[in-house]
Amino acid sequence: MLHLRKVLGFFAAIGLATASFASEGGGVAPSAAKLIDFGNGWAITNSMATGWATSLVLITLILVAVRKPQILPGKAQAVFESLLEALRDLFEPIVGKKAFPAAFPLLVTFFIFILMHNWMGLLPGVGTVG
């Protein structure tokens, strides 16, 4: 019983400390930082720049991996094909065989972009620009 009180007291102290830090007005802004402001509500934010960088990295990687597709694939092409096959096996039972050919390119694009965009957020300095 005494051990439980200590644990609950510890978590309560952490919660109070977090609440006091949040009430000081510091923390993360809810909107993305503007890098270039064109006025009239048009701006380039750091989130947009990160999305463009993610797209550029993905396009470059795919072009390098599958520059000249071969019947007997090299290492990069084999990795890319394995990724697509794994995603096909994941999405086909969910979407269904009938709608799968039309939905697969869109689903794969969203999945890979969101995954890479989130992973880029783990790199030091990516979210602090602006």
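Trainee: How close do the axes of H2 and H4 come, and at what angle do they cross?

Mentor: First, some ground rules. This is a predicted model, in which local features need pLDDT of at least 70 and side-chain atom pairs count only at pLDDT 80 or more, while totals for chains, interfaces and linings use all residues. Residues are numbered from 1 along each chain as its sequence is written, and side-chain values use heavy atoms, with hydrogens and water left out.

The protein chain has four helices and two strands (DSSP runs numbered from the N terminus: helices are H or I with at least four residues, strands are E with at least two). From the N terminus, their order is α-β-β-α-α-α.

On to your question: the axes of H2 and H4 come within 10 Å and cross at roughly 115°. Here an axis is a line fitted to C-alpha atoms, for helices over the stretch in contact, and the angle, from 0 to 180 degrees, is taken between N-to-C directions. The crossing is right-handed, meaning the near helix is turned clockwise from the far one by less than a right angle.

Who actually touches whom? On the H2 side you'll find Ser47, Thr50, Gly51, Ala53, Thr54, Ser55 and Leu58, and they meet Ile112, Phe113, Met116, His117 and Met120 of H4 (contact is heavy atoms within 4.5 Å). Sorted by type, the residues of this contact are six nonpolar, six polar and no charged. For that count, Ala, Val, Leu, Ile, Met, Phe, Trp, Tyr, Cys and Pro are nonpolar, Asp, Glu, Lys and Arg are charged, and the others, Gly among them, are polar.

Let's follow H4 itself. An α-helix has 3.6 residues a turn, so residues three or four places apart point the same way.

Finally, zoom out: of the 130 residues in the protein chain, 14% count as buried.

Conventions: Buried < 20%, exposed > 50% of the residue type's maximum accessible area, 1.4 Å probe, protein only.
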